[in-house]
Amino acid sequence: MPFSAGRCESLPYALLHAALACVPWADYVVSPLVGDQFDALDLAAQLELAGYRGRYMVVTPSLPAPGVIRREIEQLCPSLTVELIPRARI
């Protein structure tokens with residue numbers, strides 16, 4: 001993972017804007033495809049609204065056509081760089 005050596009902070013979805021205001025230099029935001037309070041498209045929209053310019057990495061289950069999801073997020077949030085990362089199965 002490109003972010004394995006970095007510092008990772010976990011925070012509630014509701015604190016996203018506050019966190020980005022505190023660390024506007026964040027290189028990565030990582031989230032699951034679907035969470036309890038949001039999905040990747042919701043988070044992408046908030047990242048774009050906050051002016052985030054780093055990489056948005058979405059951890060996904062195995063998907064038959066992951067490119068469709070990535071393209072949908074990028075079409076709705078064109079300023080984001082989106083990467084999908086398949087979650088390893090145990």
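This briefing covers a pocket and an aromatic pair. The model is a predicted one. Its largest pocket has a volume of about 850 Å³. The structure also holds one aromatic pair, formed by Tyr 13 and Phe 38.

**The largest pocket**

- The volume of the largest pocket is about 850 Å³.
- The pocket is lined by 24 residues. Closest to its centre are Glu 9, Leu 11, Tyr 28, Val 29 and Val 30.
- Two elements, α1 (16–22) and β1 (28–32), each give two or more residues to this lining.
- The strand β1 gives the most, with five residues.
- By class, the lining has 18 nonpolar residues. It also has three polar and three charged ones.

**The aromatic pair**

- A pair of aromatic rings is described by two things: the distance of the centres and the angle of the planes.
- The ring centres of Tyr 13 and Phe 38 are 4.9 Å apart, and their planes are at 15 degrees. Planes under 30 degrees apart count as stacked, so this pair is stacked.
- Tyr 13 lies in the segment before α1. Phe 38 lies in the loop between β1 and α2 (40–49). The pair therefore ties together parts that are 25 residues apart in sequence.

**Exposure of the two partners**

- Phe 38 has 15% relative accessibility, so it counts as buried.
- Tyr 13 has 23% relative accessibility, so it counts as partly exposed.

Terms used. Residues are numbered from 1 along each chain as its sequence is written. This is a predicted model: local features need pLDDT of at least 70, side-chain atom pairs count only at pLDDT 80 or more; totals for chains, interfaces and linings use all residues. Side-chain values use heavy atoms; hydrogens and water are left out. On a 1 Å grid over the protein atoms alone, a cavity is a set of points where a 1.4 Å probe fits but cannot get out, and a pocket is an open set with protein on both sides within 12 Å along at least five of seven lines; lining residues have an atom within 4 Å of a point. Grid points are joined across faces, edges and corners, and a volume is the space filled by probe spheres set on the points. Helices (H or I, at least four residues) and strands (E, at least two) are DSSP runs, numbered from the N terminus. Ala, Val, Leu, Ile, Met, Phe, Trp, Tyr, Cys and Pro count as nonpolar, Asp, Glu, Lys and Arg as charged, and the others, Gly among them, as polar. Rings of Phe, Tyr and Trp (its six-membered ring) pair if their centres lie within 6.5 Å; planes under 30 degrees apart count as stacked, over 60 as edge-to-face and the rest as tilted. Buried means under 20% relative accessible area, exposed over 50%, partly exposed in between (1.4 Å probe, protein chains only).
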